[in-house]
Amino acid sequence: MVNRHERAMNKLNRYIAIHFLLSCLMWAPPPLRAQVPFTCEGQVFVLSATTPELAGLSISPANSAVSFSTIFSSLPVAIGALGFRSTDGFLYGISLGGQQLYRIGSDGAVENLGALALNPALDYLAGDISPNGRYFTAVGSANGAGQALIRVDLEDPGLAVQSVPLTGSLRIPDIAYAPLTGGLYGYESVGRRFLTINPTTGATAMLSAVLEAQHEAQGVFFDAFGRLYAYGSTSFGVASALFVIDKNSGQAVRRQTGPVYPVGEMASCPYTAAVECLVRPASTFPCSEIKYVYTLGNGVGPLTGISLEHPLPPGFTFTGLVRNPYGGVLSPVAPAGVFRLDNMSAPKGVDSIIITVEIGDIGGGGYKSRALLGGLPQALGSARPSDDPATLAPSDSTAIIVNRIEEDSLFYERFLCLGQSTVLDAGAFGGNVLWNDGTTSPQKAVSAEGVYTLEAASGCQAIFVSYTVTVASCPYTIELTHQILPEETFPCNEAVFRYGIGNDSGLERAGAFLVDTLPEGITVVGIERNPFGGSLDVAAPPGILRIDGLTLPLGVDSIDVRVAIGDVAPGDYYNSALLGGLPSALGPTRLSDDPRTPLADSTPVKILGVESDTAYISQLLCNDRPLVLDGSQYGASYLWADGSTGARFTATFPGLYPLQVFDGCRPSYVFFDVVAGEGIDTRFAEEKVKIHLGETYLLEPALINEGVGLFVEWDDPLGSSLSCLDCLMPLAKPLDHVVYTLRVSNGVCADTARITFLVDKSRRVYAPTAFSPNGDGRNDTFYLQSPDYGLLRSLTIYGRWGGMVFYTEAGALNEPQTGWDGQSHGKPAPAGLYLWKAEIEFIGEIREIFSGELSLLR
C-alpha cells in the first residue's frame with residue numbers, strides 16, 4: 001500500500017515535470033492579479049492526494065451522502081499543509097519540496113509569499129491556522145513520522161518560524177484548531193487514536209478511545225459549534241466515512257458514508273455563524289404546546305445587529321420567549337405566524353434561544369419549517385438558514401409530527417409467553433391518560449392475561465383504547481453439537497463422531513433427520529449409539545451420513561457414529577452436520593457447533609502423520625543445550641536408532657537422528673538433522689487463530705537471539721495478506737484459511753515458527769423480534785445488525801394480511817436510520833405481528849435473503 005508520504009512525493013514529481021515543461025514554453029511569468037477572499041460559510045476544503053485538485057466536502061441534501069465537488073481542478077503548485085485564516089478569508093499552504101508559503105483566493109489566484117526557514121529534510125503535510133489568524137502550525141515529518149511542530153508567524157513580514165520537537169515518533173496525517181477554545185487536535189494513525197497537541201511546546205496527549213480496525217481517519221476539522229469531525233474510510237477501505245469525534249475521549253461515531261476520495265489534506269472554515277433548530281417534543285397532538293430551540297454557534301467573535309426569523313408552519317402560533325441570552329427585541333411588525341427577534345448581540349461561543357408555540361386544531365402529519373439567522377457581516381454571507389442537527393443534510397428543515405387520531409376508539413391485541421411481561425404505551429394517543437384501574441401514567445407494565453382499557457385526551461381529541469392481552473407457554477430452542485473422539489488421530493484409524501442434541505422447546509419433536517457430509521477420505525462404519533430411533537440411510541453416497549425418522553424427547557442426549565479414516569494427508573478437516581425436519585416456528589434446520597469454542601463454528605477432524613514416506617527435520621542445537629526431538633506428530637509407534645520406542649528422543653550432540661514411525665497406513669522415516677550453533681528461538685503464543693473474513697490481526701512472535709545479526713522472512717501463501725515480509729511483527733489480513741511461516745536467523749542458527757489462520761466466512765445478521773417506537777430512546781427503530789460489512793439492498797415490512805407497510809432500498813447494516821420507525825403512510829402503524837424480508841449484499845458481491853417475524857409494541 002502506498003502511504004501518504006509516497007503519494008505526496010509522486011504528486012510533487014508530477015508538479016516538477018509540469019512546471020519544467022511550462023518553463024520551456026514561457027519566457028516570462030504572467031503578471032500577479034489581485035486575490036479575492038473566500039466567504040466563510042463553514043465549508044471544508046480538501047487537497048487531493050493524487051491530482052492537483054482543490055475540492056470541497058459536501059453533504060447531499062437528498063440523502064445526506066458524503067461527496068466532493070471541484071473548486072479548482074488544477075492548482076499551479078503542489079501543496080502539503082493547508083489552513084484557513086480567519087482574519088482575511090484566504091487559504092494558506094506550504095508547498096511540497098520547495099517549502100514556500102502560498103496564499104490561495106476564491107478566484108483561483110495563488111500568490112507566493114516567500115520561502116520559509118524550514119528543515120529541508122522534512123515534509124510538511126498536516127497543518128492549520130490558529131483561530132486568531134496569527135500562526136500557521138504544521139507537522140514536519142520524515143518518511144511519514146512526525147519530527148517537529150512549526151509555527152509560521154503570518155503577522156511578521158519576515159514570516160518568522162518557530163520549531164519545537166514533536167514528542168514521540170508519531171504519524172499525524174492532519175491537525176485542526178478548535179475555533180472556540182483554540183486547542184489543537186490531530187489523529188495518530190499507528191496508535192489509531194486522536195490526540196491534543198501543545199502548539200508552543202510540541203507536547204502531545206493521546207485521547208483514550210482507539211479507532212475501530214475497520215475504520216481509518218485521513219483528515220480532521222471543526223464546525224462553527226466547536227464539534228470535531230474526521231474524514232476517512234470504513235469497512236477496511238470499501239467506502240469513505242464521516243465521523244463525529246468526542247473531544248474528551250476520542251470516541252468516533254460514524255455518521256455517513258460515500259465514495260472513496262484520495263484525501264491529501266483538509267482545512268475547514270469554522271469562523272462563521274450558524275444556527276440549528278430543534279423542536280421538543282418531536283411528536284405531539286393538536287391543541288398542544290411545544291418548544292423550538294435555536295442553538296447559535298458563533299466561531300467569529302462578537303456579532304451585533306443580527307436577527308432570527310422563523311416562519312412557523314400553518315396553524316402554529318408563537319406564545320412566549322422562554323430563554324434569550326442574546327438580547328434584542330421582538331419585532332412588532334412580524335406577520336402572523338412568524339417569530340422574529342431583532343438587534344441581537346452574540347458573543348463568540350455557543351448558546352440557545354427557546355420559545356413556546358401553540359399548535360392549533362390542525363390535521364395530523366409532518367410539519368416542516370426553517371429559521372433564518374440574518375444581519376451577518378458580508379464576509380459570512382449576510383444570512384444563514386437553520387439546520388436540523390438530527391440529520392447530516394445541510395440547512396434542512398426541522399420537522400414535527402402532529403398525531404391526530406380520527407377514530408374515537410382503537411382495539412389492540414398482545415401475546416405474551418408465560419413468565420414474560422410487556423409495556424402498554426398510550427403516549428401516542430394523548431397527553432392525558434386514564435386507565436381502567438385509575439392510574440394515569442402513559443405506560444403500564446403487564447404480565448397477566450386480561451383486557452386493559454384507557455381513555456386518552458389531548459386538547460382537541462379524545463379516544464378510547466382497549467388492549468386484549470393473551471398469555472401462553474412458548475417454544476424455546478433445539479441445539480446440535482458435533483465432537484470428534486479422540487480429537488487427534490492418524491490415517492488408517494477409526495474415530496467416533498458424536499452428535500449432541502438438546503431439545504428445550506417444551507415438546508417432543510418427531511420426524512427429524514440428521515445429515516453430515518464427511519470430509520474426503522472418511523467413511524461411515526456404523527452407528528454405535530442412538531437413543532433417538534430412526535434408521536440409517538444405507539443408500540446414501542459414500543461419505544454421506546443420514547439418519548431419518550428421529551424422535552427428539554425433551555433434554556440432552558447424543559448419537560455416536562464410528563467412522564474410518566482412510567489414507568489421507570495430515571491436517572485439520574472441518575465439517576458441519578445438519579439437523580432438519582423441525583417445526584418452522586423453531587427454524588426448520590440447525591447447523592452443528594463445536595462445543596469446545598465460544599463461537600458457532602465447524603468441528604475440525606485433526607489428522608496427524610507424515611505427508612510422505614520420508615521426512616527430514618532440521619534442528620539447531622545451540623549453546624550445547626539438550627534438544628528434545630519429538631516424533632509424536634508423525635506416527636503412532638516409533639523406533640529410534642538406539643532401539644528406544646518412545647515418541648521423544650533427547651539429542652545432546654550434533655548429528656543425524658533417524659526415526660522410523662508407523663501412522664496406521666505405512667511406515668515412514670523421519671530424519672532429525674541436528675546442527676550446533678549460536679541459539680535463536682522464536683515462537684507464537686497461539687499457533688492457531690480463528691478470525692472472521694475481513695478482520696486484521698497483529699502477528700507478535702516472541703524472539704530470543706544469542707547471535708549478532710537478525711534476518712526475518714515470512715512466507716505468505718496468499719500473496720498479499722501480510723503487511724510486510726521482512727519485519728518481525730506484520731499485520732495479517734487473510735481472506736482464506738492459510739498457514740504463515742516465520743523464519744528467523746542470526747547467520748548461524750535459525751528457527752522457524754508457524755501460525756495457522758482459520759477464516760470464518762459465514763454471514764451473521766441479527767434482527768430484533770420486537771420493538772417499541774414510542775420515542776423513549778430505546779428500541780424505537782427496527783433495523784438489522786451484523787459484525788460483518790454489508791449493504792442493505794432492500795428491506796420490506798408486511799402487515800398481518802400481507803400488505804406492504806414499509807419499503808427501503810438503500811443503506812448499511814447497523815444504521816438505525818435505514819430501518820423502520822413504526823410509521824406507515826405517515827401514521828403510526830398499529831401494534832401487532834409483522835413480517836420482514838431483507839436482501840443484503842456482502843463482501844464479494846454475495847447477496848442473501850433474510851426474513852423473520854417482528855412484534856410492534858405500543
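Let me start with a definition: two strands pair if DSSP finds at least two bridges between them. The strands themselves are DSSP runs (E, at least two residues), numbered from the N terminus.

Hi everyone! What you see above is a predicted model, where local features need pLDDT of at least 70 and side-chain atom pairs count only at pLDDT 80 or more, while totals for chains, interfaces and linings use all residues. Residues are numbered from 1 along each chain as its sequence is written, and side-chain values use heavy atoms, with hydrogens and water left out.

Four strands form an open sheet with mixed pairing, in the order S58-S64-S63-S61. At its edges sit strand S58 (688–692) and strand S61 (711–715), each pairing on one side only. Which residue of S63 is the bridge partner of Glu713? That partner is Arg743. S61 and strand S63 (residues 738–745) run antiparallel and are joined by 5 bridges.

A cavity is a set of points on a 1 Å grid over the protein atoms alone where a 1.4 Å probe fits but cannot get out. Under this rule there are 4 cavities of 30 Å³ or more, with grid points joined across faces, edges and corners, and volume taken as the space filled by probe spheres set on the points.

Key. 1 Å grid on protein atoms, 1.4 Å probe; cavity = no way out; pocket = protein on both sides within 12 Å on 5 of 7 lines; lining within 4 Å.
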